[in-house]
Amino acid sequence: MKTEDGVIEKESVVVRFSGDSGDGMQLTGSQFTDTTAFLGKDISTFPEFPAEIRAPAGTIAGVSGFQVHFGSKEIFTAGDEYDVLVAMNAAALKSDIGNLKKGGIIITNTAGFDSKNLRLAEYPDGVNPLEDESLSEYEVYKVNITSLTKEALKETGLSNKELERSKNMFVLGMLYWIFDQSPDYTINFINEKFSKSPELAQANILAIKSGINFGETTEIFNTRFKINASPQPPGTYRSITGNNAIAIALISASEISGLPLFLGSYPITPASDILHELSKYKHSGVRTFQAEDEIAAICSAIGASYGGSLSVTTTSGPGMSLKTEALGLATILELPLVVINIQRGGPSTGLPTKTEQSDLLQAMYGRHGECPLPILAAHSPSDCFDTVYEACKLTVEHMTPVIVLSDGYIANGSEPWKFPTSNDLPKINSVFTDMPNAEDGTFLPYKRDENFVRPRVKPGTKGLEHRIGGLEKANETGDISYEPHNHELMVNLRQAKVDKIADFIPEAKFDTGSEDSELLVLGWGSTYGTIKTAVLELISEGYNVSHIHLRHMNPFPKNLGMLLMKFKNILIPEINNGQLIKIIRDKYLVPAIGLNKIQGLPFTTAEIKNKILEILNKK
Amino acid sequence: MNETNNLPVLEKLTYKDFAPDQDVKWCPGCGDYSILKQVQGIFPELGKKKEEFVFISGIGCSSRFPYYMDTYGMHSIHGRATAIAAGLKASRPDLDIWIVTGDGDAMSIGGNHLIHTLRKNFNLNILMFNNEIYGLTKGQYSPTSHVGLVTKSTPFGSIDEPFNPAELALGAKSTFFARSLDRDPKHMKEILLKAHEHKGTSFVEIYQNCPVFNDGTFFIYSEKGTKKEESLYLEEGKPLIFGENNCKGIKFDGFKPVVVDLTDGKNSINDLWVHDKKDRIKATILASFANGSNGTHLPRPFGIFYSIDKPTYEETMMHQIEEVTKKKGKPNLDEILSGDKTWVIA
């Protein structure tokens with residue numbers, strides 16, 4: 001609906017900021033996102049950047065993108081296609097135009113389309129997409145953002161390089177004008193960020209205002225948009241990324257359990273932000289330890305757990321492989337330990353900055369020996385908080401390492417979060433024993449309670465000195481034992497302890513739809529938003545479909561099998577070559593169908609809808 | 001005023017308090033027995049409560065050690081004892097932590113963790129039993145085995161250049177390095193006490209005889225007939241003398257250590273190198289004695305090569321936490337949950 005002053009009211013819009021790695025698109029995108037969320041709209045974002053810190057400037061390999069989907073309705077995904085593409089150079093246009101809606105808006109920086117940039121973007125000699133008919137299906141705005149920014153800031157006395165770098169703020173100003181959003185949030189941000197160099201703060205603020213004024217006075221933009229605030233549940237919100245939510249969850253669990261927090265970690269994309277974030281919380285008593293390698297990272301965490309800390313190690317796929325041996329040790333020692341794997345495309349170095357859900361089977365089976373562990377998976381940035389908090393509770397209360405799976409998509413993506421208060425958080429029951437537990441007055445470190453959980457003792461506790469280790473231990477005493485039946489008993493006891501956790505997790509429930517539907521979509525992890533959107537759209541189109549999304553990957557909720565048996569059609573979409581589907585088929589013998597994408601990218605809503613329709617129409 | 005009046009009264013412990021009821025299962029004649037006896041022997045003298053001690057080990061014959069000490073302990077996985085101990089010490093500076101490891105565990109599979117633990121300087125004691133062989137896996141050459149050693153995996157002789165533990169430790173910025181041997185219990189006891197006294201990572205290499213797979217490797221340093229000529233016992237502030245009736249000494253010829261005869265009238269004791277454990281360059285030269293590559297045959301030094309005071313990792317970590325907390329105040333959880341930027345939806 002277009003109003004008289006050319007303002008279109010829309011329910012939701014997808015904007016893609018795209019430019020060279022050095023163009024500051026991630027900052028521009030996150031500022032636009034935070035402002036939009038701050039103004040009460042629902043959002044979902046998808047930052048996408050190359051693995052190289054500074055890939056050759058101007059090339060397609062160097063393109064860095066930030067996609068934000070926002071609206072007055074509930075938003076669950078970053079969007080399949082965008083309404084607006086901001087292309088800072090020729091490579092950005094070439095790389096990202098494929099997913100621009102027909103009739104969509106392109107805002108280009110013409111300075112990024114000179115002969116050098118066109119050549120680097122591998123356009124044929126003499127071809128400039130801004131000057132031929134190739135973009136005729138779109139609404140194209142050609143703005144020399146570089147020279148306008150330099151002109152606007154010429155009085156600031158900044159160097160040419162600094163002026164050049166402010167152009168992303170000019171872009172942000174233009175976008176604020178087009179979407180009728182106040183720049184105040186960003187102005188506050190800039191003042192804080194550059195509090196030590198006010199001249200840089202002023203220049204950046206001037207660049208934003210110049211962008212807004214440019215939109216206002218030149219009237220070159222035919223279209224402006226108005227998106228109303230979203231009817232989200234009342235409450236106080238903040239914007240959160242998945243990795244940030246993990247850091248906060250760990251601090252919360254430490255505080256609520258009363259256990260000091262220890263993080264042993266080694267830098268790896270896309271998990272390093274958790275280490276960065278927690279390192280800022282020294283004043284909360286958080287001990288972060290950047291170890292010499294992934295193995296030392298988990299081993300230091302095992303040491304700290306033995307000492308009585310809430311211990312955590314964070315990593316991504318290749319690091320997870322390196323930690324595997326030590327994870328076996330933590331399992332046989334039966335110590336609490338949270339292991340967080342922010343999955344990325346694999347195997348090996350694979351696609352470090354791209355998302356994938358391909359480490360589920362590793363988490364389930366990827367250790368030598370019979371080595372079962374509880375596994376939880378987060379489904380959205382804010383869900384990372386709840387998932388990791390629950391992992392901390394389970395690890396402490398059940399004396400077993402717990403694996404948490406997140407992935408690159410939700411680690412870096414952000415959404416509004418109606419955050420809890422400390423009073424809302426579930427209790428974590430942390431108990432250290434200081435008394436002998438055997439009838440003869442001795443201490444039995446592997447004598448279990450009714451949930452098969454062994455007692456936890458802090459070194460330093462008088463009278464309970466004992467040794468634990470990686471060798472198989474005699475039941476209850478923990479002494480070394482190679483006795484055949486004892487080994488089988490201990491394997492079964494460790495399994496029973498993990499299985500018993502099913503009594504402490506919620507039953508599976510329908511996220512959308514019911515057991516009377518014709519098809520169930522069973523998902524896990526970061527596919528949540530896309531599946532939910534696809535299922536809601538199909539229901540509104542008259543189809544009878546439903547959606548269950550799993551957080552508890554091991555053990556599964558107790559009622560899951562019973563629910564699955566009720567469906568003729570079960571679709572399991574995964575960003576991998578079919579991993580959950582193997583476990584489900586193995587455990588419940590149901591004929592589930594897979595939908596798999598292994599491109600380092602999330603599903604689009606259309607891909608999931610099409611697959612559902614294909615199954616339903618086959619009948 | 002007697003300050004000791006304020007100290008808590010400790011229970012009187014004896015070596016028996018540290019000997020658990022487990023059977024010790026090393027091979028008969030293994031050098032590990034002697035080390036275990038000395039460690040159990042000094043523990044009552046360390047002025048700590050029994051429950052404050054923790055032994056961490058990796059894998060190998062030496063790594064069974066924690067089972068034979070009635071303290072807290074963990075027998076972990078191959079090479080990782082130092083990494084586990086680092087996390088334990090960082091989170092529990094109050095504990096008195098001992099790492100028992102071997103040449104394979106510490107310098108091969110755990111080499112990376114060893115060098116980083118040394119440079120970080122946690123207040124830990126590392127006892128590395130060096131027998132120049134893999135014993136538990138039944139006789140393969142180790143990273144300290146000499147070139148040419150015939151073992152199960154080197155039937156035609158080892159071709160690897162071995163590590164020199166002293167050089168490795170000094171290169172890794174170790175703040176304490178000492179060497180002792182299983183057959184000299186008195187010396188070992190003295191070194192163990194000094195290692196414990198040192199605040200920082202104390203790295204003690206203990207020559208240990210493996211009677212099964214590498215018997216007698218170090219006998220020239222302990223047996224009558226060769227000991228006096230081949231061993232050099234370091235004493236702080238004293239000249240480097242050795243030999244029958246202390247008839248020989250080490251002096252510097254430029255930067256080159258040379259052996260001199262103190263009986264031929266050409267050199268007196270005043271010409272000799274005086275041991276200074278704080279001197280890094282001297283320590284480095286002492287470490288190189290084992291290489292025997294500069295044309296001169298030098299005796300093998302035993303004792304404390306190097307020992308300096310430096311703040312420990314855990315002290316610095318605690319100090320940083322205290323400083324930041326003083327500056328910023330301890331945030332309450334609700335502030336952390338909300339962050340700085342929130343909005344309200346009515």
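This is a predicted model: local features need pLDDT of at least 70, side-chain atom pairs count only at pLDDT 80 or more; totals for chains, interfaces and linings use all residues.
Helix α20(A) itself covers residues 605–618, 14 residues in total. From its first C-alpha to its last the helix reaches 20 Å, close to the 20 Å expected at 1.5 Å a residue. Which residues of α20(A) are buried? They are T605(A), I608(A), K609(A) and I612(A). Seen down the helix axis, these buried residues fall within an arc of 100°, so they line one face of α20(A).

Five strands of chain A form an open sheet with mixed pairing, in the order β18-β20-β19-β22-β23. Its edges are held by β18 (510–512) and β23 of chain A; each has a single partner strand, so one side of each is left without a neighbour in the sheet. On average, neighbouring strands are turned by 30° against each other, direction ignored. Within this sheet, β22(A) and β23(A) run parallel and are joined by four bridges; L571(A) has I593(A) in β23(A) as its bridge partner.

| Helix | Strands touched or crossed | Angle and reference strand |
|---|---|---|
| α17(A) | β18, β19, β20 and β22 of chain A | about 165° with β20(A) |

Finally, let's turn to the contact between the chains. How many residues does each chain give to the contact? Chain A gives 53 residues and chain B gives 50 residues. Several elements of chain A give two or more residues to the side that touches chain B, among them α1 (25–38), α9 (242–257), α12 (317–333) and β17 (467–469). The largest share on that side, nine residues, comes from α11(A). By class, the side of chain A that touches chain B has 23 nonpolar, 19 polar and 11 charged residues.

Strand pairing also crosses between the chains: β17(A) pairs with strand β2 (residues 72–75) of chain B in the parallel sense, over three bridges. There, I468(A) stands opposite M74(B) in β2(B).

Conventions
Residues are numbered from 1 along each chain as its sequence is written. Chains are lettered from A and ligands numbered from 1 in the order in which they are written. Two residues are in contact if their C-beta atoms, placed from the backbone, lie within 7 Å. Ala, Val, Leu, Ile, Met, Phe, Trp, Tyr, Cys and Pro count as nonpolar, Asp, Glu, Lys and Arg as charged, and the others, Gly among them, as polar. Two strands pair if DSSP finds at least two bridges between them. The expected span of a helix is 1.5 Å times one less than its number of residues. A residue is buried if 20 or more other C-beta atoms lie within 10 Å of its own, exposed if 12 or fewer, and partly exposed in between; C-beta atoms are placed from the backbone. The arc is that of the directions from the helix axis to the C-beta atoms. Axes are lines fitted to C-alpha atoms, for helices over the stretch in contact, and angles run from 0 to 180 degrees between N-to-C directions.
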